[in-house]
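My plan is to look up one thing at a time and write down what I find.

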Amino acid sequence: MTVTETVPARTDTCATAPRAHPRPEGRDHYTISEVAAHTGLTAYTLRWYERIGLMPHVDRSHTGQRRFSNRDLDWLAFVGKLRLTGMPVADMVRYAELLREGEHTFEERQELLESTRRDVRARIDELRDTLAVLDYKIDFYADARRASERA
């Protein structure tokens, strides 16, 4: 038996890997407190992201309350990954601006991400070197303890 998988065209440039915490089925509107609980970000941080242009336009209810969508949560997950890379906030805001400008900015967005990837790889190399030093020291102490126990 052959299984064929149809992959939809990638139109959402904010898409991320599968979510660690699934969202309720059929829901696409969240309050700021629900988003804060889901993402671990504070309501203040979410408002700040919106104010500086890092967060795209967030819909509002008839009472003016922010109503975040699943797409907003996907974007925040991506921003979280960018934060983990150490990308400066100014670069994240620039990336968000380029995204809003449209497809003609693909090259500049790619360059931004490639630069960040180079930085991440350099940090990984540094961490591997650091890990090797730690492994050496741990082995040294383990060997010293075994030697003292035999004596």
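Entry 1: I note here that the model is a predicted one.

Entry 2: Next I asked which residues of H2 are buried. They are Thr45, Leu46 and Tyr49. Around the axis these residues cover an arc of only 100°, so they sit on the same side of H2. I then looked up their packing partners, and for the buried residues of H2 these are H1 and H3.

**Entry 3: the whole chain.** I stepped back to list the elements. I counted five helices and two strands. Read from the N terminus, the order is α-α-β-β-α-α-α. The chain has 151 residues, and 27% of them are buried. I also looked at contacts with a separation of 6 or more: 54% of these join residues 24 or more positions apart.

**Entry 4: H1.** I went to H1, residues 32–39, and found Ile32, Val35 and Ala36 buried. Looking down the axis of H1, I see these buried residues within an arc of 100°, so they line one face of the helix. The face turned away from them carries Ser33 and Ala37, both exposed. What covers the buried residues of H1? The cover includes helix H2 (43–52), strand E2 (66–67) and helix H3 (70–85). After H1 comes glycine 40, and its phi is positive too, near 85°.

**Entry 5: H1 against H2.** I looked up how these two helices meet. Their axes come within 9 Å and cross at roughly 105°. Angles from 65 to 115 degrees count as roughly perpendicular, and H1 and H2 are therefore roughly perpendicular to each other. H1 brings Ile32, Val35 and Ala36 to the contact, and H2 brings Ala43, Leu46 and Arg47. By class, I noted five nonpolar residues, no polar ones and one charged residue in the contact of H1 with H2.

**Entry 6: the core.** I turned to the largest nonpolar core, which has 25 residues. Which residues have the most contacts inside it? They are Leu46, Leu54, Phe68, Trp75 and Leu76. I checked which elements give two or more residues to this core: H1, H2, H3 and helix H4 (89–101). Leaving out residues up to four places away in sequence, leucine 54 touches Tyr49, Trp75, Val79, Met92, Val93 and Ala96.

**Entry 7: valine 93.** I followed one of those partners of leucine 54. Valine 93 lies in helix H4. Its relative accessibility is 12%, and buried means under 20%, so valine 93 counts as buried. Beyond its neighbours within four places in sequence, valine 93 is in contact with Ile52 and Leu54. Isoleucine 52 is 41 residues away along the chain, yet the C-alpha atoms of the pair are separated by 7.4 Å.

**Entry 8: serine 69.** Last, I looked into the loop between E2 and H3, where serine 69 is found. Is serine 69 buried or exposed? With 14% relative accessibility, serine 69 counts as buried. Apart from neighbours within four places in sequence, serine 69 is in contact with Asp28 and Tyr30.

How values were computed. Residues numbered from 1 in each chain as written. Predicted model: local features only at pLDDT ≥ 70, side-chain atom pairs only at ≥ 80, totals over all residues. Heavy atoms only, no water. Buried < 20%, exposed > 50% of the residue type's maximum accessible area, 1.4 Å probe, protein only. Helix = DSSP H or I, 4+ residues; strand = E, 2+ residues; numbered from the N terminus. Arc of directions from axis to C-beta. Contact = heavy atoms within 4.5 Å. Axes fitted to C-alpha atoms, helices over the stretch in contact; angles between N-to-C directions. Parallel < 35°, antiparallel > 145°, perpendicular 65-115°, else oblique. Nonpolar A, V, L, I, M, F, W, Y, C, P; charged D, E, K, R; others polar. Core = buried A, V, L, I, M, F, W, Y, C linked by side-chain atoms within 4.5 Å.
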